[in-house]
Amino acid sequence: MLATLIRLLGDFDVAEDALHEAFRSALERWPQEGIPANPRAWLVTAGRFRGIDSIRKRVRHDASLAEIAKRLDSESEFEWSEEEIEDDRLRLIFTCCHPALPADGRIALTLREICGLTTEAIASAFLTSPSTVAQRIVRAKAKIREAGLPYQVPSKDELPERLDTVLHVVYLVFNEGYSASSGENLTRADLSGEAIRLGRLLFELLPEPEVGGLLALMLLQESRRKARTSATGDLILLEDQDRNLWDAHLIREGVVLVEQALASQRFGPFTLQAAIAAVHAASDSASQTDWAQIVALYGLLARVEPSPVVELNRAVAVAMCDGPEAGIELIDAILARGELSQYQPAHSARGELCRRAGRTGEARVSLERALSLTQQEPQRRLLLARLSELM
C-alpha cells in the first residue's frame with residue numbers, strides 16, 4: 001500500500017504520513033461501519049485523499065510540491081487495479097535504485113521503504129551505525145524529490161545499469177529473512193518470501209543469467225528452512241541438520257536455474273554463491289560434501305567480488321578440507337586486518353575451529369567475543385551452549 005501511495009502522491013514522506021492517517025481512520029470507522037469488501041482499496045483511496053489534502057496545504061511553504069499538486073489536481077479519480085498495485089513494489093524498487101542516487105543510499109532506502117526494515121536492521125546488514133543509515137535515507141529521498149526521478153520500471157535499454165543494485169537489495173532483504181540480525185527468532189519467513197517473490201518478478205522481467213543466479217541462490221538457501229531450527233527454536237548448524245527436511249522442490253528449481261546461468265558463461269557472484277549452495281544440496285551429509293569444489297568456487301568468487309566475508313567463508317571451507325588449523329590461520333590473517341573485528345560470524349567461526357583443534361582457551365575467548373556481538377537469541381543460546389561445553 002505504501003508503494004502504491006508513493007506512486008499516486010509522488011512523495012515518500014507525504015505517502016508515509018497518508019498511510020498512517022488511512023490506518024487511523026480505519027481504526028475509527030471500521031468498528032462502526034464494518035470492514036469494507038476490499039480493505040486494501042479502501043486504505044489506498046483514503047490515504048490518497050489524505051495525501052492530496054496534505055500536499056495542497058503544504059504547497060505554499062514548499063515549492064517542490066507545486067508540480068505534484070498541479071498533477072494531482074488534473075488527475076481523474078483513482079481507479080483500483082489489482083495488476084497495477086501488484087507491480088508497484090517493483091516500480092518503487094527501481095526508483096529507489098536509480099543511478100542518480102549514491103549506491104549506499106539506494107540500498108538503504110529500498111530496505112527501509114519497500115521492506116519496512118528498521119534502520120538498526122539495515123545498519124547491521126551494512127556493518128555501520130543506525131545514524132549513518134538514517135542520513136543516507138533522508139538524502140536519498142531528497143534527491144528523488146528534487147531531481148524528479150520517475151516512478152517506473154526502466155526500459156530494457158536502461159535495465160542493465162540499474163540491475164546490480166536491485167539484485168543486491170533483494171539479496172540483503174533475503175538475508176535478513178534467512179538470518180535475522182536481531183530478535184527472538186532465527187528467521188523471518190515474510191522477508192525471505194518477499195525477496196524470493198521479487199526475484200521471480202525480476203527474472204520474469206529480465207531473464208538474465210545473474211538474475212537467475214540470485215533466484216537460484218535464494219531458493220537453495222530457503223530449501224533448508226525447516227531443518228535450521230529445532231522445535232524449541234534453537235539453531236541447528238548445517239552439519240547437524242536433518243537433510244530429509246530440506247525442500248526437494250526448491251532444490252530442483254534452484255539447481256536448474258544455476259546450471260542455466262553457469263552454462264551461459266555470463267554469470268557473476270550470485271551465480272557462484274548459488275553453485276556453492278548447490279554443492280551442499282547435492283550432499284547427503286556434511287562429511288560427504290565436496291569441500292574441495294567449494295574451496296575452488298570461493299576462490300573464484302573472491303576474484304570476481306573480493307570481500308573479507310568471502311575470504312572468511314573460504315577459510316571455513318579450507319578447514320573442512322585441510323583441518324581446523326589451516327582455517328584458523330586464514331581467519332587470523334583476516335581479523336588482523338581489522339575489517340571483520342565487529343563481525344560476529346568471524347569470531348564464532350574461529351571459536352568453533354579452535355574448539356575442534358583442542359585450543360580450548362582460544363576457543364573460549366573467540367566465542368565470548370562472538371557472544372558479545374550477538375543480538376539474535378537462537379545464536380546467543382548456541383554460543384552459550386558451546387561455552388558451557390568448554391568449562
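This is a predicted model: local features need pLDDT of at least 70, side-chain atom pairs count only at pLDDT 80 or more; totals for chains, interfaces and linings use all residues.
Biologist: How do you know that the span of helix 11 agrees with its number of residues?

Modeller: Helices are DSSP runs of H or I with at least four residues, numbered from the N terminus (strands are E runs of at least two). The expected span is 1.5 Å times one less than the number of residues. For the 14 residues of helix 11 (209–222) that comes to 20 Å, and the end C-alpha atoms are 20 Å apart, so the two agree.

Biologist: Gln221 is in that helix too. Why does Gln221 count as buried?

Modeller: Its relative accessibility is 13%, so Gln221 goes down as buried. Leaving aside residues up to four places away in sequence, Gln221 touches Tyr171, Phe174 and Tyr178, contact being heavy atoms within 4.5 Å.

Biologist: What makes a set of residues a nonpolar core?

Modeller: They must be buried Ala, Val, Leu, Ile, Met, Phe, Trp, Tyr or Cys, joined through side-chain atoms within 4.5 Å. The largest such core has 85 residues, and Leu92, Leu109, Val170, Leu202 and Met218 have the most contacts inside it. Helix 9 gives this core its largest share, 10 residues. A second, separate core has 19 residues, including Ala319 and Ile334.

Biologist: And what makes a space a cavity rather than a pocket?

Modeller: On a 1 Å grid over the protein atoms alone, a 1.4 Å probe fits in a cavity but cannot get out, while a pocket is an open set with protein on both sides within 12 Å along at least five of seven lines; lining residues have an atom within 4 Å of a point. The whole structure has 1 cavity of 30 Å³ or more. Val169, Val170 and Val173 are among the residues lining the largest cavity, and helix 9 (residues 159–178) supplies the largest share of that lining, 3 residues.

How values were computed
Residues are numbered from 1 along each chain as its sequence is written. Side-chain values use heavy atoms; hydrogens and water are left out. Grid points are joined across faces, edges and corners, and a volume is the space filled by probe spheres set on the points. Buried means under 20% relative accessible area, exposed over 50%, partly exposed in between (1.4 Å probe, protein chains only).
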